[in-house]
Amino acid sequence: MKKVILACFTLLLVNAIFGQNGNSESFGIKGGLNYSTVTKGDFNEGADPRTSYYIGFFGEVPIVRNVLSLQPEIIYSRQGFENNYTTILGSTYTQEYRIDYINLPILAKIHIGSVFSIEAGPQFGFKINEKIKTNDNATVNNDVNSFDTALAGGVSFNIDNFLISARYTYSLKEVIKDTDSKNSVFQLGVGFRF
């Protein structure tokens with residue numbers, strides 16, 4: 001299933017990149033800030049957010065000109081969360097869960113006028129790195145599921161070839177095995193269309 005999804009996504013992105021034939025398909029780069037955490041799950045006090053970044057490429061393929069388009073993306077996204085602990089002696093320490101993904105959103109984009117658009121659709125994430133950092137130590141871990149399915153929704157402001165976007169993504173399956181916690185990510189970024 002993962003290979004089929006990846007193959008379909010690759011075909012859509014290749015069409016967006018190389019299928020330029022005057023029908024206003026476009027290709028661009030984007031990046032910005034991630035504000036990520038996980039839902040409560042088995043973390044009794046909840047997890048604190050981790051702030052990091054994302055960067056990647058997007059294509060836009062019009063379906064109904066100036067009204068509806070399909071926007072496939074390939075994004076490197078640094079996500080995760082922090083958890084604070086108190087020892088028996090009363091001292092505190094923080095564990096930072098660093099979870100990096102290659103995310104493949106495939107979004108339907110509805111254009112409202114020439115500047116504003118709303119986008120929503122599924123996102124498929126492939127974990128590429130997982131570490132837990134405590135003070136000066138970092139350990140590689142394998143508690144996070146390697147595949148993440150999520151729903152994404154957001155808005156974009158498009159000014160010529162420049163765009164500003166805000167998006168929220170929420171996982172449909174647990175992130176850390178046997179915890180029932182799910183990714184919750186807010187993104188704010190900019191992009192440029194070629």
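In strand β5, F126 is the bridge partner of I102. That pairing belongs to the antiparallel strands β4 (residues 92-112) and β5 (residues 116-134), which are joined by 16 bridges; strands count as paired if DSSP finds at least two bridges between them. This is a predicted model, so to speak of local features a pLDDT of at least 70 is needed, side-chain atom pairs count only at pLDDT 80 or more, and totals for chains, interfaces and linings use all residues. Residues are numbered from 1 along each chain as its sequence is written, and side-chain values use heavy atoms, with hydrogens and water left out.

**The overall layout**

- The protein chain has one helix and nine strands; these are DSSP runs numbered from the N terminus, with helices being H or I of at least four residues and strands E of at least two.
- Reading from the N terminus, the order is α-β-β-β-β-β-β-β-β-β.
- Of the 194 residues in the protein chain, 44% are buried; here buried means under 20% relative accessible area, exposed means over 50%, and partly exposed is in between, using a 1.4 Å probe and protein chains only.
- Among contacts with a separation of 6 or more, 60% are between residues 24 or more positions apart; a contact means heavy atoms within 4.5 Å.

**The β4-β5 hairpin**

- Three residues sit between the strands of this hairpin, and G113 there takes a positive phi near 75°.

**Aromatic pairs**

- The whole structure holds eight aromatic pairs; rings of Phe, Tyr and Trp (its six-membered ring) pair if their centres lie within 6.5 Å, and planes under 30 degrees apart count as stacked, over 60 as edge-to-face and the rest as tilted.
- One of them is F27 with F57, a stacked pair at 5.9 Å centre to centre with 10° between the planes.
- F27 lies in strand β1 (residues 26-38) and F57 in strand β2 (residues 48-64), so this pair ties together parts that are 30 residues apart in sequence.
- F27 is buried at a relative accessible area of 19%, while F57 counts as partly exposed at 40%.
- Ring pairs also bring F192 and F194 into a cluster with F27 and F57.

- E60 sits in strand β2 and is buried, with a relative accessible area of 8%.
- The E60 side chain makes a polar contact of 2.9 Å with the side chain of S69; a polar contact is a pair of N or O atoms within 3.5 Å, where within protein one must be able to donate a hydrogen and the other to accept it, and residues adjacent in sequence count only if both atoms are side-chain atoms.
- A polar contact of 3.4 Å links the side chains of E60 and K109.
- L68 belongs to strand β3 (residues 68-86) and is partly exposed, at 27% relative accessible area.
- From L68 to I110 is 4.7 Å in space, C-alpha to C-alpha, although they are 42 residues apart in sequence.
- Setting aside residues up to four places away in sequence, L68 touches P62, I63, A108, K109, I110 and H111.

**Nonpolar cores**

- The largest nonpolar core has ten residues: V38, A47, F81, Y97, I99, Y101, I132, V144, V175 and I176; such a core is a set of buried Ala, Val, Leu, Ile, Met, Phe, Trp, Tyr and Cys residues joined through side-chain atoms within 4.5 Å.
- Strand β4 gives the most to this core, with three residues.
- A second, separate core has five residues, including L104, I106, F124 and F147.
- In soluble globular proteins, nonpolar side chains tend to be buried together.
- Beyond its neighbours within four places in sequence, V144 contacts I99, Y101, K127, E130, V175, I176 and K177.

**Two loop residues with positive phi**

- Most residues other than glycine have a negative phi, and most peptide bonds are trans.
- D160 has a positive phi near 55°, and its place is in the loop between β7 (147-159) and β8 (162-171).
- D160 is exposed, at 73% relative accessible area.
- D178 has a positive phi near 65° and lies in the loop between β8 and β9 (183-193).
- D178 is exposed too, with a relative accessible area of 70%.
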